[in-house]
Amino acid sequence: MRADGIDVLSLTIGEPDFATPPHAIAAAHRAALAGRTKYPPVDGVPALKAAIIRDFRRRAGLDFMPDQVMVANGGKQVIFNALMATVSTGDEVVIPTPYWNAYPLVTGLAGGNTVFLDCLQSDGFKPTAAALARALTPRTRWVVLNFPNNPTGAVLTAADLRPLADVLLAHPQCWIMADDIYARLIHDGTPHATISVVEPRLADRTLTLYGASKTYAMTGWRVGWAAGPRDLIAAMVNMQGQATSGINVPAQEAVIAALDGPDDAVLEMQHAYRRRRDLVQSALSTIPNVVSHRPDGAFYVYPDISQCLGGRLRSDEDFARALLDEAHIAIVHGAAFGRSPHIRISCATDDETLARACERIAQFCKTV
Ligand code: PLP
């Protein structure tokens, strides 16, 4: 449509619209000019692993040794490595819904079965301990916890995690994947909480995932990492060794600079995401047939559009198509995240585009 000259506003992608911090780019440049262009170690360069360990200690209070850390081609490859290395045919992976679709897709690729754990909007899109207990079986291999969440922005506090930890303690058969990739994108000062800090007895079966993409606007550099139990990390490194090998060294040097360097850019982005969340939230609250929640983190809003259906539109996918065709707004429909009827609006775009898009969505919702 854009190629035809149509002014499409895209709120689809989970990609910061900010530039990578210059000190990270400079570090990559220096590394490339210094000839650091050879095959990298599969598990990550030691200096990045050391920076990751410092960062986990500083921000989360988690302690790891170098052989408990691996660097991957983005957080996505961490998920691939972990599930492919551990899930056998018929094993179950518990995934709270709505979810980011890599978890069920890679589970399926590994031959596992997904068990969905419903997180309701009325519960703030947070999993309850009772629902988690019902989802667990002797075949559960993994439980995924991604908070702040993509696509809802829900954040779990230490008090929210406590009852979930109690359930997990009683199920030693499963690993826990704490996908904390949005940990630094929490609004309103709520401290980030992670399961292995809330319950240290779970640390020896928790894999904590993090990455540079969201925090430092470094999506294209493809650097993510994980820390957790030694044997699991070793199996993941083996998997990666045959899939893609190590990550290019200039990108790893850029991430060292991002982790250890000044934090101003991160704080500026946090501030912008909070402002945009408020902008979108208040615009959506004036649309009578859209019910929005208030995301506490990440950069997405995931409103319920059920009151827009029943007329000419039957599903959130219909809504998304019609919104694109008629209002020239691209969003992602809720079915792509396993919970309908919703839409996901990404706030990773500038304020003016967001304001214009919200106006068009409001006009569109009058026509359904
Ligand atoms: N985890 C979640 C919840 C995400 O939303 C994403 C990206 O969208 C990732 C992990 C992986 O990001 P990357 O592979 O860029 O590190």
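**Ligand shell, sheet and backbone of a predicted model**

Q: What about Arg222, how far is its polar side-chain atom from an oxygen atom of the ligand?
A: The distance is 2.7 Å for that polar side-chain atom of Arg222.

Q: How much of the ligand does the protein bury?
A: The ligand exposes 400 Å² when taken alone, and the protein buries 93% of that.

Q: Which pocket does the ligand take up?
A: The space taken by the ligand is the largest pocket.

Q: Which elements give two or more residues to the shell around the ligand?
A: They are helix H3, residues 75-86, and helix H8, residues 212-215.

Q: Which residues come nearest to the ligand?
A: There are 13 residues around the ligand, and those that come nearest are Gly75, Asp179, Ser213, Lys214 and Arg222.

Q: How do the residues of that shell divide into nonpolar, polar and charged?
A: The shell around the ligand has four nonpolar residues, five polar ones and four charged ones.

Q: Changing topic to the open sheet: what is the order of its three strands?
A: The order is E9-E12-E11, with antiparallel pairing. The edge strands, each pairing on one side only, are E9 (300-301) and E11 (332-333).

Q: Over how many bridges do E9 and E12 pair?
A: Strand E12 covers residues 343-346, and E9 pairs with E12 over two bridges in the antiparallel sense.

Q: Which residue in E12 stands opposite Val301?
A: Ile345 in E12 stands opposite Val301.

Q: Now the backbone. What kind of peptide bond joins Asn150 and Pro151?
A: A cis peptide bond joins Asn150 and Pro151, with omega at about 25°.

Q: Where is Pro151 found?
A: Pro151 is in the loop between strand E5 (140-145) and helix H6 (158-169).

Q: And what is omega for the bond that joins Thr97 and Pro98?
A: Omega is about -5° there, and the bond is cis. Pro98 belongs to the loop between strand E3 (92-97) and helix H4 (102-109).

Q: Last one: is phi of Asp188 positive or negative?
A: Phi of Asp188 is positive, near 60°, in a residue other than glycine. The loop that holds Asp188 runs between strand E6 (175-179) and helix H7 (195-198).

Methods:
Residues numbered from 1 in each chain as written. Predicted model: local features only at pLDDT ≥ 70, side-chain atom pairs only at ≥ 80, totals over all residues. Heavy atoms only, no water. Near = heavy atom within 4 Å. Polar contact = N/O pair within 3.5 Å; in protein donor to acceptor, adjacent residues only side chain to side chain. Areas by Shrake-Rupley, 256 points an atom, 1.4 Å probe, with all protein chains shown as cover. 1 Å grid on protein atoms, 1.4 Å probe; cavity = no way out; pocket = protein on both sides within 12 Å on 5 of 7 lines; lining within 4 Å. Sits in = over half its atoms within 2 Å of the grid points. Helix = DSSP H or I, 4+ residues; strand = E, 2+ residues; numbered from the N terminus. Nonpolar A, V, L, I, M, F, W, Y, C, P; charged D, E, K, R; others polar. Pairing = 2+ DSSP bridges.
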